[in-house]
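Open the model in your viewer and keep the selection tool ready.

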Amino acid sequence: MSQRVSLTQYLVEQQREHGRINAQLRLLIEVVARACKRIAIQVNKGALGDILGTAGSENVQGEVQKKLDVIANEVLIEANEWGGHLAAMASEEMDTIHLVPNRYPQGEYLLLFDPLDGSSNIDVNVSIGTIFSVLRKPDQHHGVAEKDFLQPGSAQAAAGYCVYGPQTTLVLTVGDGVAMFTLDREQGAWVLTADQVRIPEETKEFAINMSNMRHWAPPVRRYIDECLAGKEGPRGKDFNMRWVASMVADVHRILSRGGVFLYPWDRREPDKPGKLRLMYEANPMAFLVEQAGGAATNGRERILALAPTKLHERVSVVLGSRKEVERVTGYHLETEPAAAVKPAA
Ligand code: AHG
Ligand code: MN
Ligand code: MN
């Protein structure tokens, strides 16, 4: 049997040989991976555990929280509080930042997460996930404030997600390409199953929620119309469509076989720049996608270059195979009046 490389070994090599990470960041990633394992156990219980249905509360964005949103958030907080690797955390499910309690040592990193991505799929047994992003605490003063989190995605020290699907897979970047680790349930271990993942530059597969078509801006409409026109249209080839409604699952497919994912601004809520969250969803996914040779924009600008103005900021997202993202971005820059793509509010 060929030599199996564990997550720990991968991280030790990133620390020792490549000098990419330090001991605190290594511990941080190990702790997040352990928390994902605990979330995976809860997910797998399904109707046998008390994890399905709504929690009877709303998050700061006015979305109804599912029990698993709350459980996953608690698991991540509890796991990460005491190790000495973090200064503070921020989550899609919490109004404000969560400081590491005084009784624990304070570390040099900030952790952001979408504890449970794809909440509408929990109760119907479709793939869901956890997304995370790691930033450095800006300076060495003791306190941490919300503004310390407002760094561009290009400043991320690490990012990743765990997809709870037919397999449980952890996907990670520390800025040295993208690696995938599959959970070996018998051993309870993360095993490296793909390294230096590359997204093909071109694709014949797009992912968008087509039910919003009538609300889209013209450049998005044009791009999808051209895909739908198939062989006879300007693209000269037939396209396929997928939409899981879990960003984690859609991005995982794109990292695995290519494709383009769009959750654009639309006229349903014209004052919001988009549905997805910059800090918990767009930035970590953009980092992964770029590290795999793909691209990620908000229709006009590189997502990783955006300067966030608030923690729960939303953003328009186009990501995946590089040439397709460039095409969609080009259509926006060519035709769209500046006001049609909402700047970050
Ligand atoms: P979350 O469950 O964290 O709120 O995220 C759901 C997101 C994302 O995962 C997915 O791509 C999108 O919402 C689906 O939205 P629609 O239901 O509007 O298609
Ligand atoms: Mn999400
Ligand atoms: Mn979520």
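Buried here means under 20% relative accessible area. Asp 114 has a relative accessible area of 0%, so it counts as buried. Keep that cut-off in mind, and remember throughout that this is a predicted model.

**Stop 1: the manganese ion (ligand 3)**

Select the manganese ion (ligand 3) and show its protein donors. Which residues coordinate it? They are Glu 92 through OE, Asp 114 through OD and Leu 116 through its O atom, at 2.2 to 2.3 Å. Along the chain these donors follow the spacing E-x21-D-x1-L. Now colour by secondary structure. Glu 92 sits in the loop between strand E3 (86–91) and strand E4 (98–99), while Asp 114 belongs to strand E5 (residues 109–117). The two are 22 residues apart, and the pair links distant parts of the chain. Glu 92 has a relative accessible area of 3%, so it too is buried.

**Stop 2: the manganese ion (ligand 2)**

Move across to the manganese ion (ligand 2). How far apart are the manganese ion (ligand 2) and the manganese ion (ligand 3)? They are 3.7 Å apart, and Asp 114 coordinates both. The protein donors of the manganese ion (ligand 2) are Asp 114 (OD), Asp 117 (OD) and Glu 281 (OE), lying 1.8 to 2.1 Å from it. Their spacing in sequence reads D-x2-D-x163-E. Highlight Asp 117 in strand E5, then Glu 281 in helix H6 (residues 278–291). These two are 164 residues apart, another link between distant parts of the chain. Are Asp 117 and Glu 281 buried or exposed? Both are buried.

**Stop 3: the largest pocket**

Strand E2 (64–66), E5, strand E13 (260–263) and strand E14 (276–277) each give two or more residues to the lining. Colour the lining by class. It divides into eight nonpolar, seven polar and 10 charged residues.

Next, colour by domain. Why does the largest pocket lie between domain 1 (7–194) and domain 2 (205–340)? Because both domains give residues to its lining.

**Stop 4: the second largest pocket**

The second largest pocket has a volume of about 260 Å³. Pick out Val 43, Asn 44, Ile 122, Asn 125 and Val 126, the closest to its centre among 17 lining residues. By class, this lining holds nine nonpolar, seven polar and one charged residues.

**Stop 5: Asn 121**

Select Asn 121, in the loop between E5 and strand E6 (128–136). Its relative accessible area is 7%, so Asn 121 is buried. Show its contacts, leaving aside neighbours within four places in sequence. They are Val 126, Ser 127, Ile 128, Val 244, Ala 245 and Ser 246. Draw a line between the C-alpha atoms of Asn 121 and Ser 246: they are separated by 7.3 Å, though the residues are 125 apart along the chain.

**Stop 6: Arg 253**

Finish at Arg 253 in helix H5 (residues 247–257). Arg 253 is buried, with a relative accessible area of 12%. With neighbours within four places in sequence again set aside, Arg 253 is in contact with Glu 205, Ala 207, Arg 242, Val 244 and Gly 258. Val 244 was also on the contact list of Asn 121.

Note on methods:
Residues are numbered from 1 along each chain as its sequence is written. Chains are lettered from A and ligands numbered from 1 in the order in which they are written. This is a predicted model: local features need pLDDT of at least 70, side-chain atom pairs count only at pLDDT 80 or more; totals for chains, interfaces and linings use all residues. Side-chain values use heavy atoms; hydrogens and water are left out. Donors are N, O and S atoms within 2.8 Å of the metal (3.2 Å for Na, K and Ca); water is not among the atoms, so sites may look incomplete. Helices (H or I, at least four residues) and strands (E, at least two) are DSSP runs, numbered from the N terminus. Buried means under 20% relative accessible area, exposed over 50%, partly exposed in between (1.4 Å probe, protein chains only). Ala, Val, Leu, Ile, Met, Phe, Trp, Tyr, Cys and Pro count as nonpolar, Asp, Glu, Lys and Arg as charged, and the others, Gly among them, as polar. Domain bounds come from an automatic or database domain assignment. On a 1 Å grid over the protein atoms alone, a cavity is a set of points where a 1.4 Å probe fits but cannot get out, and a pocket is an open set with protein on both sides within 12 Å along at least five of seven lines; lining residues have an atom within 4 Å of a point. Grid points are joined across faces, edges and corners, and a volume is the space filled by probe spheres set on the points. Contact means heavy atoms within 4.5 Å.
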